[in-house]
Amino acid sequence: MKAVGLDQPLFAARGEGAYLEDAEGRRYVDWVMSWGPLIFGHADPETVSAIVEAARAGTTFGTATEREVLLAEEIVDAVPSVEMVRLVSSGTEAAMTTLRLARAVTGREPLVRFRGGYHGHADPFLSEAGSGVRTLGIEAAAQGRVVDYDDLDGVERAIEGAACVFVEPVAGNMGVVAPADGFLDGLRRLCDDSGALLVFDEVITGFRVARGGAQERFGVLPDLTVLGKIVGGGLPLAAFGGRAELMERLAPAGDVYQAGTLSGNPLATAAGLSVLRRLTPEVYDELEQKGKRLDALGEYGRFERVGAMATLFVDDYPALFRHLLERGIYVAPSQNEAMFLSTAHGDEEIDRTIAAVAEFFAT
């Protein structure tokens, strides 16, 4: 909030559909949607019902449950490159373990990643990262070989001897930036030629830009995929997966250790199953139509949208943020973040947002 000129955070009290209510009773059209997980909006009745039913049977067991297997099957069915999957509790944990796995598989240490990307707060990913790291102006010790997004020549210079290339297939943490034509295909080719593994961080794009994520939308398959946000239905759950011969290196089948007491938590798997099972083609058609209506924001700045994630880039974002908040519209308090469409956003909420942005530029 300091980055947009305010002294204290917004304290949420409750949410319903497309709306968030703060601790002082003010109600906002919410475009943050918990930073992306709430594709059916706040307090979605079916998700809440699934969580309550699961909680009545126990909140955690520390051993396998059937829902873990069922959720894994949904992920494998949806995400084209994933044959096996491991459930964890956060996107940071998923990315960190995916890097550990890539290093073990290749016998190499370096990684290549992109300036302005964000893969959680593990040390190897923080230098020149996007999201909150950039917003707060935090400088982390340099790790990895960092190149510019869409710069295939830079990747070619950096990839020799690398274990993997980590990329958001649609950048979502320096604002939404779609990949240039041929960029993802080029990464696939360079990884194949060098022996590095291609890792798609689909924490944001997974189940948002398509049911099968960006790899379905753009037709490029990575070796390993990191998932989060929507996959947990709004509860703390993330996952990573890929080809079976890679994933079988994980303990207990293999020698790459990973464990977590709350991994595959029964409440989170219940929420995830409730959401993933309802992500039909009709849902994505609906979100795309809503997105096209929201495209009218392009009249007021550079508006980038891929599916149900978008960013309006403007010169004075802090002033725009404060203007919208005063009018009951909550967007991310950082130009580096995205707006997230949900099925709960209707024409009224979209048109109200466009009108408020227009008012800001008119005055």
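Strand 11 (residues 302-306) and strand 12 (residues 309-313) run antiparallel and are joined by five bridges. The model is predicted, so local features need pLDDT of at least 70 and side-chain atom pairs count only at pLDDT 80 or more, while totals for chains, interfaces and linings use all residues. Residues are numbered from 1 along each chain as its sequence is written, and side-chain values use heavy atoms, with hydrogens and water left out.

**Hairpin**
- Strands 11 and 12 form a hairpin with two residues between them, and glycine 307 in the turn has a positive phi of about 60°.
- Valine 306 has methionine 309, in strand 12, as its bridge partner.
- Strands (E, at least two residues) and helices (H or I, at least four) are DSSP runs numbered from the N terminus, and two strands pair if DSSP finds at least two bridges between them.

**Nonpolar core**
- The largest nonpolar core has 57 residues, among which Trp31, Ile75, Phe207, Leu276 and Leu279 touch the most other members.
- Helix 11 (residues 317-326) gives the most to this core, with six residues.
- Such a core is a set of buried Ala, Val, Leu, Ile, Met, Phe, Trp, Tyr and Cys residues joined through side-chain atoms within 4.5 Å, where buried means under 20% relative accessible area (1.4 Å probe, protein chains only).

**Cavities**
- The structure holds two cavities of 30 Å³ or more.
- On a 1 Å grid over the protein atoms alone, a cavity is a set of points where a 1.4 Å probe fits but cannot get out, and lining residues have an atom within 4 Å of a point.
- The largest cavity holds about 130 Å³ of space; of its 16 lining residues, Leu312, Tyr317, Leu320, Val331 and Met339 are the closest to its centre.
- The second largest cavity holds about 40 Å³ of space, and its lining includes Phe114, His119 and Glu168.

Note on methods: Buried means under 20% relative accessible area, exposed over 50%, partly exposed in between (1.4 Å probe, protein chains only). On a 1 Å grid over the protein atoms alone, a cavity is a set of points where a 1.4 Å probe fits but cannot get out, and a pocket is an open set with protein on both sides within 12 Å along at least five of seven lines; lining residues have an atom within 4 Å of a point. Grid points are joined across faces, edges and corners, and a volume is the space filled by probe spheres set on the points.
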